[in-house]
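Welcome, and thanks for taking a look at this one with me. Please open the structure below and keep it beside you as you read.

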Amino acid sequence: MTESKPLRADARRNRAKVLEAAETVFAAKGTGAPTEEVAREAGVGVGTVFRHFPTKEALLEAVLFARLHRFVDEAETVVAQESPDAGVAFFTFLTSWIEMSSAKNAYFEALSASGVSVPTAGSVVGARLLDALGVLLCRAQDAGAVRGDVTVGELIPVIIGTAKAAEHVGTDRDLRDRVVAILFDGLRPAMSAAHRA
(Lines give C-alpha, C1' and ligand atoms only; values in the text may rest on other atoms or scores of the structure.)
Protein backbone atom coordinates (compact mmCIF):
# COMPACT_ATOMS: atom_id res chain seq x y z
CA MET A 1 0.00 0.00 0.00
CA THR A 2 2.91 2.38 0.44
CA GLU A 3 4.50 4.08 -2.54
CA SER A 4 8.21 3.47 -3.13
CA LYS A 5 8.84 7.15 -3.85
CA PRO A 6 6.87 10.37 -3.35
CA LEU A 7 4.14 10.90 -5.94
CA ARG A 8 3.97 13.95 -8.18
CA ALA A 9 1.09 16.32 -7.46
CA ASP A 10 -1.00 15.07 -10.41
CA ALA A 11 -0.39 11.45 -9.42
CA ARG A 12 -1.46 12.22 -5.83
CA ARG A 13 -4.64 13.84 -7.13
CA ASN A 14 -5.39 10.84 -9.37
CA ARG A 15 -4.79 8.42 -6.49
CA ALA A 16 -7.14 10.42 -4.25
CA LYS A 17 -9.78 10.56 -7.03
CA VAL A 18 -9.56 6.78 -7.51
CA LEU A 19 -9.94 6.13 -3.77
CA GLU A 20 -12.92 8.47 -3.52
CA ALA A 21 -14.54 6.94 -6.60
CA ALA A 22 -13.91 3.40 -5.32
CA GLU A 23 -15.61 4.21 -2.04
CA THR A 24 -18.61 5.66 -3.89
CA VAL A 25 -18.90 2.73 -6.32
CA PHE A 26 -18.40 0.03 -3.67
CA ALA A 27 -20.94 1.69 -1.37
CA ALA A 28 -23.54 1.83 -4.16
CA LYS A 29 -22.88 -1.49 -5.91
CA GLY A 30 -20.98 -3.61 -3.40
CA THR A 31 -17.37 -4.68 -3.31
CA GLY A 32 -17.90 -6.90 -6.35
CA ALA A 33 -18.29 -3.88 -8.64
CA PRO A 34 -15.71 -3.94 -11.46
CA THR A 35 -12.61 -1.79 -11.42
CA GLU A 36 -13.69 -0.26 -14.75
CA GLU A 37 -16.64 1.37 -12.97
CA VAL A 38 -14.26 2.88 -10.43
CA ALA A 39 -12.13 4.28 -13.26
CA ARG A 40 -15.23 5.76 -14.95
CA GLU A 41 -16.41 7.33 -11.68
CA ALA A 42 -12.93 8.80 -11.09
CA GLY A 43 -12.70 10.14 -14.66
CA VAL A 44 -9.45 8.26 -15.31
CA GLY A 45 -8.41 5.32 -17.42
CA VAL A 46 -8.36 1.84 -15.93
CA GLY A 47 -4.57 1.86 -16.39
CA THR A 48 -4.34 4.74 -13.93
CA VAL A 49 -6.29 2.72 -11.37
CA PHE A 50 -3.92 -0.24 -11.76
CA ARG A 51 -0.85 1.98 -11.69
CA HIS A 52 -1.79 3.01 -8.14
CA PHE A 53 -3.48 -0.23 -7.09
CA PRO A 54 -2.05 -3.25 -8.96
CA THR A 55 -4.97 -5.51 -7.98
CA LYS A 56 -8.58 -5.00 -7.04
CA GLU A 57 -7.71 -6.41 -3.62
CA ALA A 58 -5.10 -3.66 -3.16
CA LEU A 59 -7.78 -1.09 -4.01
CA LEU A 60 -10.26 -2.64 -1.56
CA GLU A 61 -7.63 -2.68 1.16
CA ALA A 62 -6.69 0.96 0.50
CA VAL A 63 -10.35 2.03 0.70
CA LEU A 64 -10.80 0.07 3.93
CA PHE A 65 -7.78 1.65 5.59
CA ALA A 66 -8.70 5.13 4.35
CA ARG A 67 -12.16 4.72 5.90
CA LEU A 68 -10.70 3.52 9.20
CA HIS A 69 -8.23 6.40 9.40
CA ARG A 70 -10.92 8.93 8.50
CA PHE A 71 -13.22 7.49 11.17
CA VAL A 72 -10.52 7.77 13.83
CA ASP A 73 -9.88 11.38 12.80
CA GLU A 74 -13.61 12.08 13.11
CA ALA A 75 -13.69 10.39 16.53
CA GLU A 76 -10.90 12.62 17.77
CA THR A 77 -12.73 15.67 16.42
CA VAL A 78 -15.84 14.67 18.41
CA VAL A 79 -13.71 14.35 21.56
CA ALA A 80 -12.07 17.74 20.97
CA GLN A 81 -15.45 19.46 20.51
CA GLU A 82 -16.57 18.61 24.06
CA SER A 83 -20.28 18.61 23.28
CA PRO A 84 -22.53 20.14 25.96
CA ASP A 85 -24.68 16.98 25.71
CA ALA A 86 -22.25 14.15 26.46
CA GLY A 87 -24.96 11.50 26.08
CA VAL A 88 -25.90 12.59 22.59
CA ALA A 89 -22.22 12.80 21.60
CA PHE A 90 -21.59 9.27 22.93
CA PHE A 91 -24.59 7.60 21.27
CA THR A 92 -24.04 9.48 17.99
CA PHE A 93 -20.44 8.26 17.98
CA LEU A 94 -21.54 4.66 18.65
CA THR A 95 -24.08 4.89 15.82
CA SER A 96 -21.34 6.10 13.46
CA TRP A 97 -19.08 3.27 14.59
CA ILE A 98 -21.81 0.71 13.92
CA GLU A 99 -22.37 2.12 10.42
CA MET A 100 -18.63 2.12 9.72
CA SER A 101 -18.29 -1.44 11.06
CA SER A 102 -21.00 -2.72 8.72
CA ALA A 103 -19.15 -1.27 5.72
CA LYS A 104 -15.79 -2.48 7.05
CA ASN A 105 -17.13 -6.02 7.33
CA ALA A 106 -18.07 -6.03 3.63
CA TYR A 107 -14.47 -5.12 2.72
CA PHE A 108 -13.03 -7.75 5.06
CA GLU A 109 -15.30 -10.42 3.60
CA ALA A 110 -14.43 -9.50 0.00
CA LEU A 111 -10.71 -9.55 0.77
CA SER A 112 -10.94 -12.82 2.70
CA ALA A 113 -12.93 -14.43 -0.12
CA SER A 114 -10.06 -13.50 -2.44
CA GLY A 115 -7.62 -15.25 -0.14
CA VAL A 116 -6.10 -12.01 1.14
CA SER A 117 -5.12 -12.04 4.80
CA VAL A 118 -6.32 -8.66 6.02
CA PRO A 119 -4.13 -7.13 8.69
CA THR A 120 -5.73 -5.19 11.52
CA ALA A 121 -5.95 -1.44 11.23
CA GLY A 122 -2.80 -1.24 13.30
CA SER A 123 -2.18 -0.67 16.95
CA VAL A 124 -1.87 3.11 16.58
CA VAL A 125 -5.28 3.46 14.90
CA GLY A 126 -6.86 1.01 17.35
CA ALA A 127 -5.37 2.79 20.36
CA ARG A 128 -6.54 6.19 19.10
CA LEU A 129 -10.06 4.84 18.60
CA LEU A 130 -10.20 3.24 22.05
CA ASP A 131 -8.89 6.45 23.63
CA ALA A 132 -11.65 8.46 21.95
CA LEU A 133 -14.28 5.92 23.00
CA GLY A 134 -12.99 5.98 26.59
CA VAL A 135 -13.22 9.77 26.82
CA LEU A 136 -16.74 9.87 25.36
CA LEU A 137 -17.86 7.02 27.65
CA CYS A 138 -16.53 8.77 30.79
CA ARG A 139 -18.20 12.03 29.83
CA ALA A 140 -21.54 10.27 29.16
CA GLN A 141 -21.30 8.40 32.46
CA ASP A 142 -20.47 11.62 34.34
CA ALA A 143 -23.54 13.21 32.73
CA GLY A 144 -25.73 10.26 33.83
CA ALA A 145 -26.53 9.24 30.24
CA VAL A 146 -24.76 5.85 30.40
CA ARG A 147 -24.67 3.24 33.14
CA GLY A 148 -21.72 3.75 35.45
CA ASP A 149 -20.71 0.09 35.42
CA VAL A 150 -20.00 -0.12 31.64
CA THR A 151 -16.34 -0.35 30.57
CA VAL A 152 -14.68 0.20 27.19
CA GLY A 153 -13.80 -3.52 27.14
CA GLU A 154 -17.50 -4.37 27.40
CA LEU A 155 -18.48 -1.81 24.79
CA ILE A 156 -16.38 -3.36 22.02
CA PRO A 157 -18.41 -6.62 21.85
CA VAL A 158 -21.62 -4.55 22.14
CA ILE A 159 -20.54 -2.49 19.12
CA ILE A 160 -19.54 -5.61 17.16
CA GLY A 161 -22.81 -7.36 18.01
CA THR A 162 -24.91 -4.32 17.16
CA ALA A 163 -23.08 -3.90 13.84
CA LYS A 164 -23.80 -7.57 13.02
CA ALA A 165 -27.46 -7.11 13.99
CA ALA A 166 -27.69 -4.00 11.79
CA GLU A 167 -26.13 -5.93 8.89
CA HIS A 168 -28.58 -8.81 9.40
CA VAL A 169 -31.54 -6.42 9.15
CA GLY A 170 -30.32 -5.21 5.75
CA THR A 171 -31.73 -2.17 4.02
CA ASP A 172 -34.81 -1.64 6.23
CA ARG A 173 -33.63 1.60 7.82
CA ASP A 174 -36.49 1.88 10.31
CA LEU A 175 -35.87 -1.64 11.60
CA ARG A 176 -32.11 -0.99 11.80
CA ASP A 177 -32.72 2.16 13.84
CA ARG A 178 -35.10 0.28 16.15
CA VAL A 179 -32.61 -2.56 16.70
CA VAL A 180 -29.85 -0.07 17.53
CA ALA A 181 -32.18 1.85 19.89
CA ILE A 182 -33.13 -1.35 21.74
CA LEU A 183 -29.50 -2.34 22.19
CA PHE A 184 -28.51 1.18 23.24
CA ASP A 185 -31.22 1.16 25.92
CA GLY A 186 -29.17 -1.53 27.64
CA LEU A 187 -26.35 1.00 28.04
CA ARG A 188 -28.56 3.65 29.64
CA PRO A 189 -29.22 3.84 33.38
CA ALA A 190 -32.39 1.87 34.23
CA MET A 191 -34.42 4.98 35.08
CA SER A 192 -33.38 6.73 31.85
CA ALA A 193 -34.34 3.71 29.70
CA ALA A 194 -37.71 3.45 31.49
CA HIS A 195 -38.51 7.11 30.76
CA ARG A 196 -37.73 6.62 27.06
CA ALA A 197 -40.36 3.86 26.73
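Predicted model: local features only at pLDDT ≥ 70, side-chain atom pairs only at ≥ 80, totals over all residues.

1. The mean pLDDT of the protein is 84, and 88% of the residues reach 70 or more.

2. Helix α2 (residues 35-42) has the highest mean pLDDT, at 93, while the lowest, 56, belongs to helix α9 (residues 190-196). I would read α9 with that value in mind.

3. Next, have a look at helix α5 (residues 86-113) and helix α8 (residues 173-185), whose axes come within 12 Å and cross at roughly 125°. An angle over 145 degrees would count as roughly antiparallel, and 65 to 115 as roughly perpendicular; α5 and α8 are therefore oblique to each other. Their crossing is right-handed.

4. Which residues of α5 and α8 meet? From α5 come Phe-91, Leu-94, Thr-95, Ile-98, Glu-99 and Ser-102. On the α8 side, their partners are Arg-173, Arg-176, Val-180 and Phe-184. Sorted by class, this contact of α5 with α8 has five nonpolar, three charged and two polar residues.

5. Most residues other than glycine have a negative phi. Glu-82, however, has a positive phi, near 45°. Is Glu-82 buried or exposed? With a relative accessible area of 55%, Glu-82 is exposed, because the cut-off for that word is over 50%.

Conventions
Residues numbered from 1 in each chain as written. Heavy atoms only, no water. Axes fitted to C-alpha atoms, helices over the stretch in contact; angles between N-to-C directions. Helix = DSSP H or I, 4+ residues; strand = E, 2+ residues; numbered from the N terminus. Parallel < 35°, antiparallel > 145°, perpendicular 65-115°, else oblique. Left-handed = near helix turned anticlockwise from the far one by under 90°. Contact = heavy atoms within 4.5 Å. Nonpolar A, V, L, I, M, F, W, Y, C, P; charged D, E, K, R; others polar. pLDDT = per-residue confidence, 0-100. Buried < 20%, exposed > 50% of the residue type's maximum accessible area, 1.4 Å probe, protein only.
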